Amino acid sequence: MLGLASACALAGIDEVEPNDDPSMAQLVPSNGAFISASFEGALSPGDVDYYQVNLIGTDLLFVDIFDFTPAVFDDNDSILGLFDENGVLVAFNDNAAFGTLSALVAIVPTPGSYFLAVSGAGDVNFVGDHDQSFDYVLTFNTIPAPSTVLLLVPTFAPFAGRRRLG
Ligand SMILES: [Ca+2]
Ligand SMILES: [Ca+2]
Ligand SMILES: [Ca+2]
């Protein structure tokens, strides 16, 4: 993985285990409402990875997961879930536009801490009930301010389908 990762343009923050539930979630760095961060992690059978993202409100949050086999569109099968502080699922994606990796676009009007969970296909309760095993890059990006969001949604719509390292 290291050779592939270092060759990758998206150098990220290393995932730190254990991170298997929200209380152990890894913090996503932010600068006010602005977030642009990526993590390099790994999913193994039974593993769930949580990341905590603190949102100021009226944010449009993009989350994308990539693997290290961009030419192969169906080898690794992730799911992504975004939970609020009360554990309520506010956004979910299994398969993005192509293949079986995932991407989320969530409008988050309420400020607070949110928890992004990465797991394998079929683990809809995010408890580790899967047998996926692969290395990944997970990216977080926000666009603050609702007026900007309304203007930029059409422009950024193609990003929802962009999910592989190319
Ligand atoms: Ca992991
Ligand atoms: Ca984990
Ligand atoms: Ca999937």
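Here is a chat about a predicted model of a protein, taken from its overall layout down to single residues.

Colleague: Hi! I'm new to this one. What does the secondary structure come to?

Modeller: Welcome! This is a predicted model, and the protein has two helices and ten strands. Along the sequence the pattern is α-β-β-β-β-β-β-β-β-β-β-α.

Colleague: And how many of the residues count as buried?

Modeller: The protein has 166 residues, and 34% of them count as buried.

Colleague: What about contacts between residues at least 6 apart in sequence, what share joins residues at least 24 apart?

Modeller: That share is 76%.

Colleague: Before I go on, what pLDDT does the protein average?

Modeller: The average is 84, and 78% of the residues score at least 70. Over residues 1-9 the pLDDT is below 50, and that stretch has six contacts in the model beyond near neighbours in sequence. Residues 149-163 also stay under 50, with 17 contacts beyond four places in sequence.

Colleague: Good to know. On to the strands: in what order do β1, β3, β10, β5 and β8 form their sheet?

Modeller: The order is β1-β3-β10-β5-β8, in an open sheet with mixed pairing. β1 (13-14) and β8 stand at the edges with a single partner strand each, so one side of each has no neighbour in the sheet.

Colleague: What holds strands together in a sheet, in general?

Modeller: Strands of a sheet pair through backbone hydrogen bonds, either parallel or antiparallel.

Colleague: Is β5 covered or open to the outside?

Modeller: β5 is mostly covered, with nine of its nine residues buried. Asp59, Leu61, Val63, Ile65 and Asp67 are buried on one side, and Leu60, Phe62, Asp64 and Phe66 are buried on the other.

Colleague: Why do the residues split into two sides like that?

Modeller: In a regular strand the side chains alternate between the two faces of the sheet.

Colleague: How does β2 run against β4, parallel or antiparallel?

Modeller: β2 and β4 (residues 49-55) run parallel and are joined by two bridges. Gln26 has Tyr51 as its bridge partner in β4.

Colleague: And what pairs with β6?

Modeller: β6 pairs with β9 (residues 112-120) in the antiparallel sense over six bridges, and with β7 in the antiparallel sense over four bridges. Ile79 stands opposite Ser119 in β9, and Leu80 stands opposite Asn93 in β7. The hairpin of β6 and β7 has five residues between the strands, and in it Gly87 takes a positive phi near 80°.

Colleague: New topic! How many residues does the largest nonpolar core have?

Modeller: It has 36, and those with the most contacts inside it are Val53, Val63, Tyr114, Leu116 and Ala117. β5 gives the most to this core, with six residues.

Colleague: What does Val63 touch, leaving out residues up to four places away in sequence?

Modeller: Val63 touches Leu80, Ala103, Leu104, Leu116, Thr139 and Phe140.

Colleague: Last one: where is Ile56 found?

Modeller: Ile56 is in the loop between β4 and β5. Ile56 is partly exposed, with 16 other C-beta atoms within 10 Å. Ile56 and Gly112 are 56 residues apart in sequence, yet their C-alpha atoms are 6.4 Å apart in space.

Conventions: Residues are numbered from 1 along each chain as its sequence is written. Chains are lettered from A and ligands numbered from 1 in the order in which they are written. A residue is buried if 20 or more other C-beta atoms lie within 10 Å of its own, exposed if 12 or fewer, and partly exposed in between; C-beta atoms are placed from the backbone. Two residues are in contact if their C-beta atoms, placed from the backbone, lie within 7 Å. Two strands pair if DSSP finds at least two bridges between them. A nonpolar core is a set of buried Ala, Val, Leu, Ile, Met, Phe, Trp, Tyr and Cys residues joined through C-beta atoms within 7 Å. pLDDT is the predictor's confidence in each residue, from 0 to 100.
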